[in-house]
Amino acid sequence: MTTPSRPRILVVSGSARLDSHVHAMVRIAADTAEAAGAEVQVLRLHELALPVMRNGDAEQNALAAVQTARERARWADGFILVTPEYHGSMSGCLKNWFDFLFDELAGKFAGVLAVTGGGGGDMSITAVKTSFSWCHGFTLPYHAAARGSDFSADGSLHNQSVRDRVRRVAHDVVRYTPPLRAAWEQARSLGQAVEAGVAGTHG
């Protein structure tokens with residue numbers, strides 16, 4: 001695979017709610033990534049309505065929603081993953097999205113954003129980063145989280161400091177995705193030799 005001149009970034013909205021504050025962060029991240037030169041798509045899990053994953057179920061694997069989730073992840077070079085914090089972790093629908101994927105995320109790069117009820121978002125952000133790393137992906141060490149008080153009554157994100165952090169994450173995902181993808185594909189070209197590192201397990 002040749003990495004395109006414009007990195008392909010998939011912004012994943014991990015909320016199951018139509019009125020979630022997550023959607024405001026998704027818009028900022030997507031607009032920023034596009035302005036930074038990326039080709040951007042947004043995947044809204046509340047619209048996709050993935051079923052709960054049943055491992056090895058051929059009939060479920062053929063469903064349009066499942067095929068879409070996998071195709072969009074395969075298309076992407078990098079990701080911006082946005083989740084609400086539910087009970088100290090990522091949302092169930094975002095974890096379910098992860099459960100359908102593995103090779104589609106391997107060797108790719110992601111930034112993580114969270115919306116919390118009042119905490120710092122550390123637990124949900126850590127959960128997302130952990131799941132992505134277990135799929136052999138790489139995550140930005142920097143991240144952003146917003147509380148309910150950071151949003152206006154119309155749902156817009158009014159906290160300028162948080163907005164800036166969201167935009168920094170988006171810029172860095174666009175910036176670091178291409179060299180990482182190029183290094184991964186170069187390693188994969190070595191086949192299954194140990195010199196290929198983890199990329200050699202995805203030959």
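## Strand pairing around β4

Two strands count as paired if DSSP finds at least two bridges between them. In this predicted model, strand β4, residues 109-116, and strand β5, residues 138-147, pair in the parallel sense over seven bridges, and within that pairing the bridge partner of leucine 113 in β5 is alanine 144. Strand β3, residues 78-84, also pairs with β4 in the parallel sense, over seven bridges, and here leucine 81 has valine 112 of β4 as its bridge partner.

## Burial of β4

Buried here means a relative accessible area under 20%, and eight of the eight residues of β4 are buried, so the strand is largely enclosed by the rest of the structure. In a regular strand the side chains alternate between the two faces of the sheet. For β4 both faces are covered, with Phe109, Gly111, Leu113 and Val115 buried on one side and Ala110, Val112, Ala114 and Thr116 buried on the other.

## Serine 124 in helix α6

Serine 124 lies in helix α6, which covers residues 122-134, and with a relative accessible area of 0% this serine is buried. The side chain of serine 124 makes a polar contact of 2.9 Å with the side chain of glutamate 85. Leaving aside residues up to four places away in sequence, serine 124 touches Thr83, Pro84, Glu85, Gly88, Ser89, Met90 and Ala114; of these, Ala114 is one of the buried residues of β4.

## Nonpolar cores

The largest nonpolar core has 30 residues, and those with the most contacts inside it are Phe79, Leu81, Trp97, Phe98 and Leu105. At least two residues of this core come from each of β1 (8-13), α2 (45-48), α4 (64-75), β3, α5, β4 and α6, and α4 gives the most, with five residues.

## Positive phi angles in two loops

Alanine 49, although not a glycine, has a positive phi of about 55 degrees. This alanine is placed in the loop between α2 and α3 (58-61), where its relative accessibility of 53% makes it count as exposed.

Histidine 87, another residue other than glycine, has a positive phi near 50 degrees, and is found in the loop between β3 and α5. With a relative accessible area of 85%, histidine 87 is exposed, whereas serine 124 is buried.

## The chain as a whole

The protein chain has seven helices and five strands, which follow one another along the sequence in the pattern β-α-β-α-α-α-β-α-β-α-β-α. Of its 203 residues, 49% count as buried, and among contacts between residues at least 6 apart in sequence, 75% join residues at least 24 apart.

The C-alpha trace spans about 55 × 40 × 25 Å along its principal axes. For 203 residues a compact globule would have a radius of gyration near 17 Å, and the 17 Å computed for the protein chain agrees with that expectation.

Notes: Residues numbered from 1 in each chain as written. Predicted model: local features only at pLDDT ≥ 70, side-chain atom pairs only at ≥ 80, totals over all residues. Heavy atoms only, no water. Helix = DSSP H or I, 4+ residues; strand = E, 2+ residues; numbered from the N terminus. Buried < 20%, exposed > 50% of the residue type's maximum accessible area, 1.4 Å probe, protein only. Polar contact = N/O pair within 3.5 Å; in protein donor to acceptor, adjacent residues only side chain to side chain. Contact = heavy atoms within 4.5 Å. Core = buried A, V, L, I, M, F, W, Y, C linked by side-chain atoms within 4.5 Å. Rg over C-alpha atoms; globule rule 2.2 N^0.38 Å.
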